[in-house]
Amino acid sequence: MLKLENISKTFGDLRAVVDESWELADGRILGLIGQNGAGKSTTFKMILNFIEADSGQITWNGRKIDSQVMNEIGFLPEERGLYPDVKIGEQIFYFAELHGKSRQEIRPKMQQWMDKFDVKGKLTDKVKKLSKGNQQKVQLITALIHEPKLIILDEPFSGLDPVNAQILLDIIVEQKKNGAAIIYSSHDMNNVSAIADDVIMLNRGHVVLNGETGQVRQSFGRTMIYLESPATKAELSAIPGVVSVEDYAGGLQVTLSDPKVGRQVFELATKNGYITAFDQQPPTLEQIFKMKIGQDAIDEAEKEGLTHE
Amino acid sequence: MNKTWIVAKHVFLKNLKSPAYYWMLLSPFIFILVGIGIAALVTNSISDNKPSLGVVANRQQVQAIRASLKGQADVRRQDTAAQARKSLSKEHIDAYLTVSSDYAKATLVSNNKSDATIDADTVRQAITNLKVQSAISSLNLTAEQVSSLSSPAVINSRYVSVTNGGTSNDNTNRGVRYAFAQFALVAIFIFLTVYVQMTGSEVGTEKGSRILDSILAAVPARQHFAGKVIAIVSLFIFQLIFYAILAVIAVMLAGPFGYARFLNLIDWSQLGSGYIISTSLITIGAIVIYIILAAVFASMVSRQEDVPQSTSTVMWVAIVPYFLGYAALAAANTPIFKIISFVPFFSQSVMPVRMSVGSATTLDGLVAFGLEVITIAIMLRFASGIYARNALNYDDGKPLAKLLRAFKKRRV
């Protein structure tokens with residue numbers, strides 16, 4: 001189990017992380033979300049011992065992160081990088097050895113991982129021969145081949161097309177089934193919703209949301225309706241408790257102040273009988289993200305320049 | 001295997017497999033061969049292009065001058081000065097010389113646009129010798145007397161070691177050591193240049209390409225730093241061993257290939273094993289010190305393109321002892337050089353020079369090496385801390401300013 005207890009970090013006048021506390025159990029996936037400069041990467045850097053927290057402590061199974069614990073961690077940094085002139089196989093060997101694995105242990109798995117990620121290249125190719133996407137896959141292999149118990153992925157989906165993003169999602173779920181604790185940050189809330197068991201939202205260094213993904217969404221109530229019906233925007237907006245009505249994916253997105261108002265919307269929408277869609281759901285993570293952080297907060301943070309990732 | 005050694009092995013093998021490393025190993029020999037080739041070409045072209053010198057004098061004198069300038073000028077007799085002038089103006093000759101019968105007066109007139117020029121000093125020396133011989137022969141002396149008068153004085157030179165008010169013989173051939181010290185000065189500076197740049201490139205490239213983030217998630221920064229330093233020092237030692245093997249092969253082939261006589265021109269035994277060992281140790285120590293320094297500076301760059309800037313700072317530090325070494329060749333016994341020869345960062349240039357001229361002993365050299373080892377131990381401790389602090393710091397800023405900032409912080 002990974003445990004962060006009252007972690008704080010400042011850089012000069014900048015409060016990058018403020019009193020951050022959470023836990024992640026084995027076999028669970030945690031999505032860490034927040035706008036640029038919210039403190040996601042600073043959190044990762046403190047877990048990985050790249051920087052020292054000003055206060056609080058971080059432990060893995062009750063132990064501080066030391067050289068031995070590092071063998072159990074797999075990390076994909078946001079900024080990707082490999083040795084361009086070194087062969088793919090040699091790079092995988094190197095990172096596996098740095099994580100305490102022998103070449104004999106790794107050799108039989110290398111081609112399997114290359115196939116799993118569908119890397120377009122051979123183990124004997126130099127990295128510079130690969131496309132950027134395939135280089136990223138090789139880097140993911142270097143982060144995962146030693147079968148880490150704690151996997152930290154900083155924006156793993158950035159730069160991947162939808163097909164490769166799905167491959168990665170599948171692999172993350174597979175690692176979870178193998179018992180690994182996984183944290184990843186992503187700007188794409190759909191990816192977080194799809195597989196994250198838990199979600200933590202950071203805003204300017206503060207934890208503003210923390211819980212199981214489903215529960216977090218449910219806690220906001222079923223205030224979002226997707227509707228495909230003859231009812232007009234004006235008719236829907238006239239219902240008390242309807243906050244907004246917007247065009248969305250060929251239908252209408254109705255935002256409610258109270259889930260109970262959904263009944264009135266349903267009655268209006270079906271007054272003439274059959275309709276093709278009425279889906280009342282809690283807000284998506286993206287909608288929650290916008291609600292919690294708000295455009296004003298984002299604008300303010302950018303203007304002040306006082307946040308750091 | 002310890003993670004430090006895994007890093008060391010990886011960096012060592014990565015460079016060993018790189019064509020650039022082999023070019024670095026072999027390029028001195030290639031450039032030496034090219035230099036020898038160019039020198040041979042120049043020598044040939046010069047020998048084929050001897051200046052022609054017209055001499056206005058009697059036949060005996062012309063023969064004597066021809067003998068004196070053999071190999072240096074093509075001597076042709078001219079009947080009169082007017083004929084010589086004419087030959088010069090038509091460029092049949094490059095210069096002409098008029099000589100009085102007793103060699104007391106001579107005039108050399110040269111064409112300043114001629115391809116082949118004759119050296120006036122050479123002519124002056126030849127005429128002076130002929131003048132002396134002419135004077136001696138007019139005294140009706142015996143052959144032994146003539147030989148005695150014209151042969152140079154014999155001067156025996158030896159050095160003694162002055163210790164505790166007494167003296168003892170010092171049989172070292174300083175010429176060989178002196179030449180070796182001059183060679184070592186240049187060689188050490190070249191080694192420093194190569195390995196400082198290699199270190200800068202190793203550290204700066206990893207940082208600039210952001211691969212360091214992945215590496216430091218697996219290995220603590222201090223261990224990574226130590227591994228890199230070990231690898232680069234190993235590459236240097238590999239280079240020394242490679243050159244030593246080449247030298248042994250060259251000596252073994254000297255007989256069969258017929259160049260042993262050139263090797264035997266130098267009395268290699270005069271170098272002495274103590275001198276060679278202590279100079280080699282001091283050089284290795286200096287390389288380690290400068291590698292550590294270069295790694296620290298390179299860890300402070302944020303972008304790959306800034307790496308040359310960081311290594312140039314280290315090279316400016318290295319160039320000071322290089323020039324001090326040349327100054328020490330002329331004044332090895334002055335107190336300032338005695339002190340500097342023990343100071344790490346400088347000793348690699350000054351101590352071998354002092355030892356070569358007998359101003360320092362092998363023991364002094366070993367003491368200088370010992371001081372380097374202590375410096376390396378201290379530097380490793382501090383430098384790995386600075387490296388750990390800066391390795392993942394991508395702030396813009398000049399390396400020197402960052403270094404000073406790192407020293408100001410409490411926990412380095």
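Q: What makes a residue pair between chain A and chain B count as a polar contact, and how many such pairs are there?
A: The count is 6 residue pairs, both residues at pLDDT 80 or more. A polar contact is a pair of N or O atoms within 3.5 Å; within protein, one must be able to donate a hydrogen and the other to accept it, and residues adjacent in sequence count only if both atoms are side-chain atoms. This is a predicted model, in which local features need pLDDT of at least 70 and side-chain atom pairs count only at pLDDT 80 or more, while totals for chains, interfaces and linings use all residues. Residues are numbered from 1 along each chain as its sequence is written, chains are lettered from A in the order in which they are written, and side-chain values use heavy atoms, without hydrogens and water.

Q: Why is the pair Lys9(B) and Glu97(A) called a salt bridge?
A: The N to O distance between their side chains is 3.5 Å. The rule asks for a side-chain nitrogen of Lys or Arg within 4 Å of a carboxyl oxygen of Asp or Glu, so the pair qualifies.

Q: What is meant by the area that chain A and chain B bury between them?
A: The two chains bury about 2,000 Å², with 63% of it on carbon and sulfur atoms. Buried area is the accessible area (1.4 Å probe) that two parts lose on being put together, summed over both.

Q: What makes residues of chain A and chain B count as being in contact?
A: Contact means heavy atoms within 4.5 Å. In this sense, 23 residues of chain A touch 22 residues of chain B.
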